[in-house]
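Subject: Structure handover

Hello,

Please find the structure below, followed by notes on what was found in it.

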Amino acid sequence: MVKKIMKWIMGLTTLALVTGCASPFIAKKEAFPKMYDEQPVSIFVVPPINHTTAADASEYLTVTLPEPLSYQGFYILPIEVTTELLQQAGVQDGAQLAGVPTEYFAQFGADAVLYTTITKWDTSYYVVGGNVTVGLAYELKSTKTGETLWHYKQTLLVDTTDGSSNLLVKIVATAIKTAAQDYLPVARRVNTIAINTIPNGKYSPLYGKDGEMKVVNKNAVNTGN
Amino acid sequence: MKKAALIMVAALVTGCAAKPPKGSLYWGAYSETLYEYKKAPGIETLAQHRDQLENIIQTSEREGYRIPPGVCIELATAYLKEGKAELAEELLTREISLYPEAAPFVEKLRATYIQARVNGEQR
């Protein structure tokens, strides 16, 4: 009898442990139900709000956004054309759009607007390598209701060290990279990680089938703002 | 009979292999050339990006991919800057046929460019 009870307790403890350590990943539909209600197709990407001193960061992030967004199944209005359009209206940085309601973008045929905020872009170099810490917040808002349909926040440390194993080559490569500051691959990686959590759009084969996919890290969508 | 069956299987296999998976797109070096242009806007960097946009469209056609969203519009605006209005118009129409949700934006663009031309002629 005692043995049996012991077994029960053991079983319960294991269960508690398992649930306690449950994966931080939740299903897309649970995280972003409004995406499934509205099913936006076309997205207007506005210039990022840049809180850092890295002036280039905005461009790195903007030019690498359309690709993952299109793979995710969305129609993205041509960023270079929309950026020019906003520039003609005097808008260079996303912060200047603070007073503009999201509904304004409906006239361009956009169902939603993607806002991005760069909170961190810290680069560091050491003799044999380098890395960059990128802090980003994304927010996709409806042009019909102004409500947030999808959001994601992350801080990532990306190693920018050259893949070569030869130490001498490595030092040279890092030095060149410092000068060239080629962070496009970094920006692409960071964007792709975040955008993979958006419920798939009309042009994706996964459209309407991804609701149960547990790929959204709870910590990245906790609304602490 | 056996031979015919084999040929059919072969045709099916190659048929499937040639068709890219649904949802695939070809973006070439889009981010790279656009970044270069934004970093140093000029005739050379613009031409380089325009070539890349043409390459994306040609490769997509050849490989049977859907042309990525916005690419036809972006190339159309580049052509407009070069005075190639007819080619630009073709591309704008093409974008709408590929992505019907582009229609309101294309209409707005057309209105802007027509207005700009009218203003230019009045000057």
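In helix H6 of chain A (residues 79-88), the buried residues are Ile79(A), Glu80(A), Val81(A), Thr82(A), Thr83(A) and Leu86(A). Buried here means under 20% relative accessible area, exposed means over 50%, and partly exposed lies in between, with a 1.4 Å probe and protein chains only. Helices (H or I, at least four residues) and strands (E, at least two) are DSSP runs numbered from the N terminus. Just after H6(A), Gly90(A) has a positive phi of about 90°.

Conventions: this is a predicted model, in which local features need pLDDT of at least 70 and side-chain atom pairs count only at pLDDT 80 or more, while totals for chains, interfaces and linings use all residues. Residues are numbered from 1 along each chain as its sequence is written, chains are lettered from A and ligands numbered from 1 in the order in which they are written, and side-chain values use heavy atoms, with hydrogens and water left out.

Chain A

Chain A contains 9 helices and 8 strands. Of its 225 residues, 47% are buried. Among contacts (heavy atoms within 4.5 Å) in chain A with a separation of 6 or more, 74% are between residues 24 or more positions apart. Its accessible surface is about 11400 Å², and carbon and sulfur atoms hold 60% of that; the areas come from the Shrake-Rupley method with a 1.4 Å probe.

The interface

Between the chains, 30 residues of chain A are in contact with 29 residues of chain B. The area buried between them is about 2700 Å², with 64% from carbon and sulfur atoms. Tyr35(B), Glu101(B) and Phe105(B) give 25% of the area that chain B buries against chain A, more than any other three residues. Buried area is the accessible area (1.4 Å probe) that two parts lose on being put together, summed over both.

Pocket and cavities

The search ran on a 1 Å grid over the protein atoms alone: a cavity is a set of points where a 1.4 Å probe fits but cannot get out, a pocket is an open set with protein on both sides within 12 Å along at least five of seven lines, and lining residues have an atom within 4 Å of a point.

The largest pocket holds about 320 Å³ of space. It has 15 lining residues, and those closest to its centre are Glu59(A), Thr83(A), Gln87(A), Gln92(A) and Lys38(B). Two or more lining residues come from each of H4 and H6 of chain A and helix H2 (30-39) of chain B. H6(A) gives the largest share, 4 residues. By class, the pocket lining has 5 nonpolar, 5 polar and 5 charged residues.

The whole structure has 3 cavities of 30 Å³ or more. The largest cavity has a volume of about 80 Å³, and its lining includes Met35(A), Tyr36(A), Gln39(A) and Phe74(A).

Two residues

Gln39(A), one of the residues lining the largest cavity, sits in the loop between helix H3 (33-38) and strand S2 (42-45) of chain A. Gln39(A) is not a glycine, yet has a positive phi of about 50°. Its relative accessibility is 41%, so Gln39(A) counts as partly exposed.

Ser58(A) belongs to helix H4 (residues 57-63) of chain A. Ser58(A) is buried, at a relative accessible area of 15%. Beyond its neighbours within four places in sequence, Ser58(A) is in contact with Pro48(A), Asn50(A) and Ile118(A).

Regards

Note on methods:
Points joined across faces, edges and corners; volume = space filled by probe spheres on them. Nonpolar A, V, L, I, M, F, W, Y, C, P; charged D, E, K, R; others polar.
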